[in-house]
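Please have the structure open as you read.

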Amino acid sequence: MTELRRSPEQLTRYVFERKVRFADIDSFGHVNNVRFFDYLEDARVSMLWERPREVDGRRQDLVVARHEIDYRRPLTFRADPVRVEMWVTEISSVRFTLVYEIRDDETLYVEARTVLVAYDAAAARPRRLDEEELAFLRRFSAVAA
C-alpha cells in the first residue's frame with residue numbers, strides 16, 4: 001500500500017511498504033546491501049509510474065544517473081514490511097534528486113539518494129522535463145523548480 005503523508009518539515013513523502021523476503025537475507029542473517037537497491041527501485045517505480053509514461057505519442061523515460069546509499073542498521077527477516085519513504089530535494093529542467101529512508105517506526109535502516117535524468121530514448125539523449133512532470137515532482141518537494 002502507498003500513501004502520501006506530511007513530514008514535520010511539511011514535505012509530502014511518498015511512502016511504499018516493502019516486505020522483507022527470505023531471498024533478501026545473506027549469510028550474515030540480514031538484508032544484503034545490494035538488495036536494498038531493489039527496495040529503492042520498487043518504491044521509485046511505484047511512485048513515478050503512478051502517472052502516464054506516454055504523452056502525445058512519446059515516451060517520457062527516466063534514467064538513473066547516480067545512486068548513493070548509507071547503511072545505518074542491519075535489517076533482518078521479519079513478518080512486518082518496512083517503509084521506503086521518498087521525497088524530492090532538487091529539481092532542474094532535465095534532472096531531479098530523490099531522497100529515501102528505509103525505516104519502521106523505531107529504526108532507520110538506510111538513507112539513500114538517486115539522481116534521475118529525463119531521457120529521450122528515440123533520440124538517445126537527455127530531454128527537458130515538461131510542466132506536468134515538474135508539477136508532479138513538486139508534490140513531493142519543498143523546492144521550486
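**Ground rules and fold**

This is a predicted model, in which local features need pLDDT of at least 70 and side-chain atom pairs count only at pLDDT 80 or more, while totals for chains, interfaces and linings use all residues. Residues are numbered from 1 along each chain as its sequence is written, and side-chain values use heavy atoms, with hydrogens and water left out.

The chain has two helices and nine strands; these are DSSP runs numbered from the N terminus, with helices (H or I) of at least four residues and strands (E) of at least two. In sequence order the pattern reads β-β-α-β-β-β-β-β-β-β-α. Of the 145 residues in the chain, 41% are buried, where buried means under 20% relative accessible area, exposed means over 50% and partly exposed lies in between (1.4 Å probe, protein chains only). Among contacts with a separation of 6 or more, 60% are between residues 24 or more positions apart; a contact means heavy atoms within 4.5 Å.

**Aromatic pairs**

How many aromatic pairs does a search of the whole structure find? There are five aromatic pairs, counted when ring centres of Phe, Tyr and Trp (its six-membered ring) lie within 6.5 Å; planes under 30 degrees apart are stacked, over 60 edge-to-face and the rest tilted. Two of them are set out here.

| Pair | Centre to centre | Angle between planes | Class |
|---|---|---|---|
| Y14 and F140 | 6.0 Å | 75° | edge-to-face |
| F22 and F77 | 6.0 Å | 85° | edge-to-face |

Y14 sits in strand 2 (residues 12-18) and F140 in the segment after helix 2 (131-138), so this pair ties together parts that are 126 residues apart in sequence. Both partners are hidden from solvent: Y14 is buried at 2% relative accessible area, and F140 is buried at 0%. Y14 and F140 also belong to one aromatic cluster with F136.

F22 and F77 come from loops. F22 lies between strand 2 and helix 1 (35-48), and F77 between strand 5 (61-71) and strand 6 (82-91), so the pair ties together parts that are 55 residues apart in sequence. Here F22 is exposed, at 65% relative accessibility, and F77 is partly exposed, at 47%.

**Charges over rings**

Two arginines lie over ring faces: R13 is 3.8 Å from the ring centre of W87, and R18 is 4.1 Å from that of Y39. The rule asks for NZ of Lys or CZ of Arg within 6 Å of the ring centre and within 35 degrees of the ring normal.

**The core around Y39**

Y39 is also one of the residues that touch the most other members of the largest nonpolar core, together with M47, V84, F96 and L98. This core has 31 residues, being a set of buried Ala, Val, Leu, Ile, Met, Phe, Trp, Tyr and Cys residues joined through side-chain atoms within 4.5 Å. Helix 1 gives the largest share, six residues. Leaving aside neighbours within four places in sequence, the contacts of Y39 include R18, V20, L75, V84 and I102.

**R103**

Finally, R103 is found in strand 7 (residues 95-103). Its side chain makes a polar contact of 2.7 Å with that of E101. Not counting residues up to four places away in sequence, R103 touches V82, R83, E85, L108 and Y109. A polar contact is a pair of N or O atoms within 3.5 Å; within protein, one must be able to donate a hydrogen and the other to accept it, and residues adjacent in sequence count only if both atoms are side-chain atoms.
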